[in-house]
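The notes below follow the order in which I looked.

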Amino acid sequence: MTMNAVELASRFRIAGALDFVEAGDGLVKAVMSRSGMTGELALQGAQVTAWQPTGARPVIFVSSRAVLAPDKAIRGGIPVIFPWFGPHPTDPKAPQHGFVRTAPWQLDSAAETADGVTLELSLAAEGFGLTYRAVFGDELRLHLEVRNTSPHPAMFEEALHSYFAVSDVERISVSGLENRGFIDKTDNMRRCPAAGAPLRLTKETDRVYLDVPDRLAISDPGWNRRIVIEKSGGASTIVWNPWPEKAAAMSDLGADNWRGFVCVETGNVADNRITLAAGAAHEMATRIRLDAQ
Ligand code: TA6
């Protein structure tokens, strides 16, 4: 039974740091603030929908046309993708990117700590138990634990599908991928060799990089900043921007929004998918912070 904003506030509100609001069509968001930092997380999907460190521009992008409604994926933020990435391997009717990003997660605890405002959420997901910790502070720290609660080995894919706000996707570059090959989803899943240089996006880009080092950065000269991503337990990095033609066909995005974001996603997909023994658990984490350019 999901709680409404009033019930959540009565249990978890922290004066001056954490409150709960109704958003869109029946959704509830946790809204956080601390020394000028602001953040948001939608209980549906445990989806981060905002993070803006003190004195900085927003770091997380959400489409101006995003639809906040039950069972509808929110266009932007950091969707939690599980237990498959992209289309379901065998069932064409199954939702793209799994079912947990539109599921009603349970808020288990909330606290203000030295690192910021920490939310702990959980979800039972068809033979898996998911627990998710989000810490909103000078950094944004996300930690996803997946436990196999079934009596047999189980396989899954996962990703934190982060939409990062940028000045202009044609001006940024992504470092950390230079020495890694990738699967090109815009070219029939062709396996491509490492480029040997930071990634610049010049057209529709939809790439799955495998076995990626744990430190990446998005350099944004337009806003004179770098978004630094430090991850653990996530071997894959997915980079996506649809470019204007595909963006125009997405009713919750639009051709006028495509320049303002790049997805640089941390996950375990394709060759990096995970198989867990009965009762075993796997942890994936990512820390996001800003550096001067
Ligand atoms: O992560 C990139 C991707 O898999 C793209 O292929 C594109 O489909 C994107 O995710 C958005 O997917 P969504 O289901 O949120 O529209």
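**Salt bridges**

I began with a network of salt bridges that links Arg215, Arg226, Glu230, Arg289 and Asp291. I counted a salt bridge where a side-chain nitrogen of Lys or Arg lies within 4 Å of a carboxyl oxygen of Asp or Glu. The model is predicted: local features need pLDDT of at least 70, side-chain atom pairs count only at pLDDT 80 or more, and totals for chains, interfaces and linings use all residues. Residues are numbered from 1 along each chain as its sequence is written, and side-chain values use heavy atoms, with hydrogens and water left out.

My search of the whole structure gave 22 salt bridges. I then looked up individual pairs.

Arg141 and Asp115 form a salt bridge, 3.4 Å from N to O. Arg141 is in strand E9 (residues 140–148) and Asp115 is in the loop between strands E6 (106–113) and E7 (116–124), so this pair ties together parts 26 residues apart in sequence. Strands (E, at least two residues) and helices (H or I, at least four) are DSSP runs, numbered from the N terminus. Arg141 has 29% relative accessibility and is partly exposed; Asp115, at 41%, is partly exposed. For these labels, buried is under 20% relative accessible area, exposed is over 50%, and partly exposed is in between (1.4 Å probe, protein chains only).

I next noted Glu120 and Arg133, whose closest N and O atoms are 3.9 Å apart in a salt bridge. Glu120 belongs to strand E7 and Arg133 to strand E8 (residues 128–136), 13 residues apart. Glu120 is partly exposed at 30%, and Arg133 is partly exposed at 31%.

For Arg259 and Glu170 I read a salt bridge of 2.6 Å, N to O. Arg259 sits in the loop between helix H2 (243–248) and strand E20 (261–268), and Glu170 in the loop between strands E12 (163–165) and E13 (173–175), so the pair joins parts 89 residues apart in sequence.

**Ligand**

Which residues are around the ligand? I listed Arg75, Phe85, Gln96, His97, Arg101, His161, Lys185, Asp206, Ile238, Trp240 and Glu265, taking a residue as near if one of its heavy atoms lies within 4 Å.

I then checked polar contacts (N or O atom pairs within 3.5 Å). A polar side-chain atom of His161 is 2.9 Å from a ligand oxygen. For Gln96, the distance from a side-chain N or O atom to a ligand oxygen is 3.0 Å. For Lys185, that distance is 3.0 Å.

Technical notes:
A polar contact is a pair of N or O atoms within 3.5 Å; within protein, one must be able to donate a hydrogen and the other to accept it, and residues adjacent in sequence count only if both atoms are side-chain atoms.
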